[in-house]
Amino acid sequence: MTVSMTVFFLDGTKVSFRYPQQAGTDQAAIVANVKKAIDSERLVLEVDGDLVVIPMRSVKYVQVSPAPKHLPAGILRGAHVR
């Protein structure tokens with residue numbers, strides 16, 4: 001499965017990435033990886049053979065689609081943008 005991620009920066013710019021699903025189907029691994037990403041101070045990706053490091057202090061929000069089926073406790077599900 002291919003996942004898309006858009007990073008929206010505080011300065012109004014954005015960048016989008018596509019990548020294969022990373023955590024497989026193990027529910028515990030997916031939840032742990034999502035929690036680790038939420039708690040991280042930086043977003044680190046390998047993009048076309050290059051290492052890209054994005055400090056989270058410059059990020060307004062990150063949108064990942066589709067959302068993982070398994071998420072850590074405390075995440076509101078089923079929301080809609082109005």
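Residues are numbered from 1 along each chain as its sequence is written. In this predicted model, local features need pLDDT of at least 70 and side-chain atom pairs count only at pLDDT 80 or more, while totals for chains, interfaces and linings use all residues; side-chain values use heavy atoms, without hydrogens and water.

The largest nonpolar core has 8 residues: M5, V7, F9, F17, L43, L45, I54 and V59. Such a core is a set of buried Ala, Val, Leu, Ile, Met, Phe, Trp, Tyr and Cys residues joined through side-chain atoms within 4.5 Å; buried means under 20% relative accessible area, exposed over 50%, and partly exposed in between (1.4 Å probe, protein chains only). At least two core residues come from each of strand 1 (2–9) and strand 3 (42–47), strands being DSSP runs of E with at least two residues, numbered from the N terminus. Strand 1 gives the largest share, 3 residues. Leaving aside residues up to four places away in sequence, M5 is in contact (heavy atoms within 4.5 Å) with V15, S16, F17, Y19, L43, L45, V62, Q63 and V64.

T6 also lies in strand 1. T6 counts as buried because its relative accessible area is 15%. With residues up to four places away in sequence again excluded, T6 touches K14, V15, S16, Y61, V62 and Q63.

V53 belongs to strand 4 (residues 50–55). The relative accessible area of V53 is 46%, so this residue is partly exposed.

Conventions
Helix = DSSP H or I, 4+ residues; strand = E, 2+ residues; numbered from the N terminus.
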